[in-house]
Amino acid sequence: MKKVFLSLLLLSLLAFLPVLAENNHIFDDTGFFTQNQIKDLNKRAEALLETTGTDLIIITTDNSRGYSPERFAAEYYEEVRPYEEMDNYVAFAFLFDINKYGEASYGTAKELLAKESDEKLYNVLAPFLPEKDYYHAMIDYMLYLEDVLIPPTKAERFYKYLPYAVGVSLLIGGITVAVMASGMKRKRYQSNAQMYIVPNSLNLAKSSDIYLYKTETRTKIESSNSKGGGSFSSSSGRSYGGRSGSL
């Protein structure tokens, strides 16, 4: 009887483990984050899942297994999640052994993040990288994901394009006024102001050119993280969107 009870208890625990895994979004294999930080990041990732429908996991590792950063993130996700049942997710990995980070996205997240470049991802993380403050980097990263993964409302789209509509309206109005003005009778253009000067009333002793403006040309220096994100396949054959950069 005792063996039967223990067997049932073991089966119950095994059945409960996938639930625990799915509720866990932080896989800190290097022990980088504190317990309080892990708890907070898990809570934020759960909120992200509720608002966007996107499952997120964050990984730290000292063993990239020879993979690129984004490929490692995808392979890791498939190891810890029932990925065949998941249709929308993102995996972000810190690979300390090669001093890089990588992001893998699948489903709707892949489609929406395809419009985002490596440089945009770097700009989100950059303020925290010099001090290795990856906890706050991940907080800002999740806020960034929320903005990208939630489609804008009709009102937001309206206000987004309102300045362009106003600009076009002003341009049309300006052209209309210019056309009307061109039909008006005006004084002809004169190359000098002789008609306004009384003869022999003005004697110039000195003349010089004073320039009020100058033209300055600047060339943007592209960073190493400016290329756009790409696509790749994991060992399962799933197609992912990927972005990466250096820590």
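K132 lies in the loop between α5 (118-125) and α6 (134-149), where helices (H or I, at least four residues) and strands (E, at least two) are DSSP runs, numbered from the N terminus. This is a predicted model, in which local features need pLDDT of at least 70, side-chain atom pairs count only at pLDDT 80 or more, and totals for chains, interfaces and linings use all residues. Residues are numbered from 1 along each chain as its sequence is written, and side-chain values use heavy atoms, with hydrogens and water left out.

Reader: Why is K132 called exposed?

Author: Exposed means over 50% relative accessible area, buried under 20%, and partly exposed in between (1.4 Å probe, protein chains only). K132 has a relative accessible area of 54%, and is therefore exposed.

Reader: Why does N99 count as partly exposed?

Author: The relative accessibility of N99 is 41%, so N99 counts as partly exposed. N99 is found in the loop between β3 (88-95) and β4 (100-107).

Reader: What makes the phi of N99 worth a remark, although N99 is not a glycine?

Author: Most residues other than glycine have a negative phi. N99 is not a glycine, yet has a positive phi of about 55°. K132, also not a glycine, has a positive phi of about 55°.

Reader: How many helices and strands does the protein chain have?

Author: The protein chain has seven helices and six strands. Along the sequence they follow the pattern α-β-α-β-α-β-β-α-α-α-α-β-β.

Reader: What percentage of the residues in the protein chain is buried?

Author: Of the 247 residues in the protein chain, 32% are buried.
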